[in-house]
Amino acid sequence: MFGRGKKSDNARTQVPAIDSKTPDPLRRLGVLDDEDVCVMQRGSTLVKVRSQRWQKRRGLRLLDDGATIWCESTKHTRKARQLQTFSVWDVECVREGCQSECLRRLGGSVSESLCFTLVFRGGLRKSLDLRCSSAQEAQHWVRGIRTLQDRLSNMTQKDKLDHWIRGYLRRADLNQDGKMSYEEVQHLLQMINIDVSEQYARTLFKKCDRSCNGRLDPGETEEFCRELLRRPELDAVFRRYSGNGCVLTSAELRDFLGDQGEDASLEHAHTLIHTYEFNDWAHEHLFMTQNGFTLYMLSKENDVFNQQHSAVYQDMSRPLAHYYISSSHNTYLTKDQLTSASSTEPYIRALNQGCRCVELDCWDGDKGEPMIFHGHTLTSKIPFREVITTIAQFAFKASPYPLILSLEVHCSLEQQAVMARHLRTILGHKLLTRPLTHTLHHLPSPQELKGRVLVKAKRIGALGKTDSTASFNSSCEDESGGGAKSGKVCSKVSVELSDLVVYCCSVPFRNFEDAAQQPANYMSSFSENDALRLIKDSGKQFVRLNSRCLSRIYPSGQRLQSSNYHPQDMWNAGCQMVALNFQTAGEQMDLNQGRFLPNGCCGYVLKPHFLCQDSDFNPDNTGGGPGHTPTQLTIRVISAQQLPKVDVERPNAIVDPQVCVEVHGVSIDCSRLKTHRVDNNGFNPRWDCTLSFQLQVPELALVRFVVEDHDHTAKNDFVGQFTLPFTSLSTGYRHVHLLRADGSSLSPASLFVHIKVTPLGRPVRSVAERMGKA
């Protein structure tokens, strides 16, 4: 069939035919002569591994678009057909050797050099464990996929659009003759999510059919695509600044940059012309043509997210308590809190997303080895040692700043000693076991703790005991609650484990007066309901406590389906570790991803100054005082590009897109405004709709762009979103690159917007005043 394997059974779905023509996408990606990619194109027969007993031969081959991999399947269900191909975009990472739980359990029966694992984004499909016939073949696939990932991720937005439309062109060319009939053009328009009139489609087809034979050859098809991808709204911006409508002079480009809030120097304008202008005459005379301007507007430099914030730019030498810290709850769970599997994969996924506080629920296991699972439920168990080994491997791949292990310990003293031994031996020098200085007046900084692992747990000294073990009632700290567990958990702390707790000593919270007297390395955990009550009743005191000590917030025990609470309320009070169920996609995780998007996605974001000092900021009442900076945010939603279909099962279904813009911050700032809908156009809908927001505490605000498919009879369907802090917004004309529900890229789908920020001279009306109640 292909590769070196034997021919597959007739029952198996056949691989798509290989195009004999030169693979243009591979040339555009610069991998036409890459040996690894060539091997992937020819295809291989690999062994798909699920367990020691389930190992099946399966064919894999890279398709001609250079971004899609075909995987052989014996199943014929609709879902199986959908999973038969996957995009290189969807691969989160390639792991060499036996690094997955499945391959590790083969117990050394297979050589590490023959195996690799494909891990997919968002958990929408299971990881793919594969065994090759030779180490050379394994390396071809590992290197090839990584090469394609690197080339695809570095494509410009224009290149992504070209790649996207060419992929659809190949699929729309039903007879694969390289030419497009009018019927195939109609099929193309349907696939790319645009419903145009019969008259417009025929007019455009005839305009491009210069040979007048009823079929578009490759050159004519190229012209047809250029017409489809034309951006009249970008042309209008160009003409607004161009004196003659043909080119931008350096001075005119400088004026545009000034209105954008960018570096408005002639030197910067010249640099942009040298970078994006490919017309020789314009390049020589320091002009920018309309094509050069379009390339510039589609580049990362015009992303709505301030690109200077994509690297670590904040002061990392402040005490830990001055930062928001990306935190995960019950990290080991793959789905719900009662019956789902426990796994090391969620730890890897969370750590790769920049999470800096993961949770481990530890219980006595067989043969003296502690286990991690959700106690008194049907969740599966994984060895504590295996989790720590995984953490040691991935702890600092995405971020160099300290990782906190939040231990919920239900083990006997003997197995606590085993836990301590595993932590010391596996983590080695990474594990922090003693203070950096002799004083605990304030916590050390992320910079000082770079590359270190901190243990959060009970400590004997923190409990006022001096003997070798300490008994205490830990119901305050038991985060399970609800139907999963009940009753108080009584436990003892072993000396071995206690000695590993340095800067995150867990203590029960009694009142703010006592907490104000405790050392900076003492911290408490609060359920979401307790935290909300404290914010409402004693908001100022909670803020002051969080300016010097760490607080961890966790979901209610009633959230059995692993749903999440709204994290913004906790951030408003300066709580650092706002722990969420990372496995559950939705608005709450969108906000979390947006909160930790700046500062290089390192998992630490500096809190506003008024949350880092002994201030009078009250998160529940922000009519004035610290942090009160009245600001007008005006967003003009202009257009969208290449929105995907929501209902892929219905070929004729076209989205009716509507854009919602949300502000999440202190209660007086929270708002949600939306555009009108555009019927039957997901390809290039146009709104030109202006939305205006008045903010009181902009430094705490998150802005969320959401695109929905409008539905008259039911809830609107989610299409894509993007969330970022107000402080990371770029002003002027910008593109918003949308994400899927799982947080992965929806490229090339985007919004085109104009952002304006205006300081206000007077306070904005309160919530009660807005509602006409004051």
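Helices (H or I, at least four residues) and strands (E, at least two) are DSSP runs, numbered from the N terminus. This is a predicted model: local features need pLDDT of at least 70, side-chain atom pairs count only at pLDDT 80 or more, and totals for chains, interfaces and linings use all residues. Residues are numbered from 1 along each chain as its sequence is written, and side-chain values use heavy atoms, without hydrogens and water.

**Exercise 1. The whole chain**

Find how many helices and strands the protein chain has.

Solution. The secondary structure comes to 23 helices and 32 strands. Next, take burial (buried means under 20% relative accessible area, exposed over 50%, partly exposed in between; 1.4 Å probe, protein chains only). Of the 774 residues in the protein chain, 56% are buried. Then take contacts (heavy atoms within 4.5 Å). Among contacts with a separation of 6 or more, 69% link residues 24 or more positions apart.

**Exercise 2. Helix H16**

Decide whether helix H16 (residues 384-394) is mostly covered or mostly open.

Solution. Count the buried residues: eight of 11. H16 is thus mostly covered. Now name them: Phe 384, Glu 386, Val 387, Ile 388, Thr 390, Ile 391, Ala 392 and Phe 394.

**Exercise 3. H7 against H8**

Describe how helix H7 (residues 182-191) packs with helix H8 (residues 198-208).

Solution. Two packed helices are described by the angle between their axes and the distance between the axes. Axes are lines fitted to C-alpha atoms, for helices over the stretch in contact, and angles run from 0 to 180 degrees between N-to-C directions. Here the angle is about 120° and the axes are 11 Å apart. That makes H7 oblique to H8 (under 35 degrees is roughly parallel, over 145 roughly antiparallel, 65 to 115 roughly perpendicular, the rest oblique). H7 contributes Tyr 182, Val 185, Gln 186 and Leu 189 to the contact, and H8 contributes Glu 198, Ala 201, Arg 202 and Phe 205. These contact residues divide into five nonpolar, one polar and two charged (Ala, Val, Leu, Ile, Met, Phe, Trp, Tyr, Cys and Pro are nonpolar; Asp, Glu, Lys and Arg are charged; the others, Gly among them, are polar).

**Exercise 4. Gln 541**

Solution. Gln 541 lies in helix H20 (residues 528-546). Its relative accessible area is 32%, so Gln 541 is partly exposed. Glu 513 is 28 residues from Gln 541 along the chain, yet their C-alpha atoms are separated by 9.1 Å.
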